[in-house]
Amino acid sequence: MTLVLANARLIDCAGPPAGASTAPPGTATRANAARMIEGASVTIERGRIVEVLDGRRSPSAHGAEIIDLHGSYLLPGLWDVHVHLEWPRLPAATVAQLTVQYAANARAALVESGTTGIRTAGTPHYIDVALKRAIEAGRWEGPRMFTAGWFLTTTAGHALGTGFAKTCDGPDGIVREIREGMQNGVDHVKLNLSGGIMGPAWDRHSHSFFLPEELEAAFTICRQRGYKVMAHAANPEAVKAALRQGAWTVEHGYVMDDECLALFRERQAWYVPTLGITHLTPGQATTAAEKRWVTERALTPDLIKRAEDAVEEHRAWFQKALRSGVKMALGSDIRPVKDAVGLEMGLWVRDGATPWETLLAATRHAADLCGMASELGTVEVGKRADLIVVRDNPLDDVENLRGPELVVKDGRVVADHRRRHV
Ligand SMILES: [Zn+2]
């Protein structure tokens, strides 16, 4: 079966990998490198893109299903590389309840918002692994998943009230939990090196949790077994410890220093800034979507204060990282996952990223972070066809990515919302 997406304005997101730009940081060239192909058509066979044409040539229509996009914008599917699938929070939920909820939320992210790839950052009972397997086997509709299983922290660690954190202490205890994850099929290991914003009084983002010997043991077993570490690190010491130990990604980085940025570049590690955590409070919400989100979220006054106390520094380090060539990808850490990419992209732009930088962070760079640079993240011949179509130009306003007309995964139309747009 051949599928042709015709008459598109194609934003292919192709180009050099993250951190490879030769243009000086912050220059117009770097920001404006976006390319759009008018009148493009994309031909897909057996889940892969086999031909991309600009408006000067017509695709072969023989035996193909042709969808005329009437000038809508065609681009890679969106990614969120920091996801927790819960929402709403279900106190004392059973594993069965959580499983059903997570499956529904993952499906909604794919079909409603065009989130075709996610990386989980802490999921209880390896529900993410089960869900990924069901999706890969075609038994459930959902995004491509890259899974962490449990969020591994220490006693008196972070996220203990969430249900997705597992405490482990001492080198032996930590290594055993990491091995449990491997045996249960996780793709990467989520380690909690420091406190966070959303936590009780004894969980502060300035606190680092692991002893040196615990950190050493955790990273040693991951290196030895070839598993990448996704490190929650929110203060400069924790960020540097993670990077020196070889973390693949560092999440949050609310507070950093110049040495952190130098280490990111030296180690070619990824920074996932999760702006939503500090930026989405009632006093900071500006768009209708943000206001709705903060109302539904109903954060306590204490958590609002912690977020707002941290936001300026978080913003400053996000901007510095962006301008100094640190590899960055978009991960939200906010729920529900169907709303998360849109909210986080809006915050990237508000903090000074261009729509193009933001779009790359949520497509090509996110796919690269997940080890899928050769398979996904751009619209190019040979790649798997995970695509979205939106009516208006996302490079004018990333809000235009909300409510895609079409979502295609593996070359198959999984959502067609075009009727609501006519
Ligand atoms: Zn998280």
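1. The largest cavity in this predicted model has a volume of about 60 Å³. A search of the whole structure finds one cavity of 30 Å³ or more.

2. The lining of the largest cavity is formed by Tyr126, Ala148, Trp150, Leu152, Glu177, Ile178, Gly181, Met182, Val186, His188, Val189 and Lys190. Sorted by class, eight of these lining residues are nonpolar, two are polar and two are charged. Helix α4 (170-183) and strand β11 (188-192) each contribute at least two residues to the lining, and α4 gives the most, with four.

3. The zinc ion has three protein donors, His82 (NE2), His84 (NE2) and Asp333 (OD), at 2.0 to 2.2 Å. Along the chain, the donors follow the spacing H-x1-H-x248-D. Histidine 84 belongs to the loop between β6 and α2 (95-113), and aspartate 333 to the loop between β15 (327-328) and α11 (337-350); the pair therefore ties together parts that are 249 residues apart in sequence. Histidine 84 and aspartate 333 are both buried.

4. Strands β6, β7 and β8 form an open sheet in the order β6-β7-β8, with parallel pairing. Because β6 (78-83) and β8 (144-146) stand at the edges with a single partner strand each, one side of each is left without a neighbour in the sheet. On average, neighbouring strands of this sheet are turned by 15 degrees against each other, direction ignored.

5. Within this sheet, β7 (residues 115-120) runs parallel to β8 and is joined to it by three bridges. Arginine 119 has phenylalanine 146 in β8 as its bridge partner.

Definitions and conventions:
Residues are numbered from 1 along each chain as its sequence is written. This is a predicted model: local features need pLDDT of at least 70, side-chain atom pairs count only at pLDDT 80 or more; totals for chains, interfaces and linings use all residues. Side-chain values use heavy atoms; hydrogens and water are left out. Two strands pair if DSSP finds at least two bridges between them. Axes are lines fitted to C-alpha atoms, for helices over the stretch in contact, and angles run from 0 to 180 degrees between N-to-C directions. Donors are N, O and S atoms within 2.8 Å of the metal (3.2 Å for Na, K and Ca); water is not among the atoms, so sites may look incomplete. Buried means under 20% relative accessible area, exposed over 50%, partly exposed in between (1.4 Å probe, protein chains only). On a 1 Å grid over the protein atoms alone, a cavity is a set of points where a 1.4 Å probe fits but cannot get out, and a pocket is an open set with protein on both sides within 12 Å along at least five of seven lines; lining residues have an atom within 4 Å of a point. Grid points are joined across faces, edges and corners, and a volume is the space filled by probe spheres set on the points. Ala, Val, Leu, Ile, Met, Phe, Trp, Tyr, Cys and Pro count as nonpolar, Asp, Glu, Lys and Arg as charged, and the others, Gly among them, as polar.
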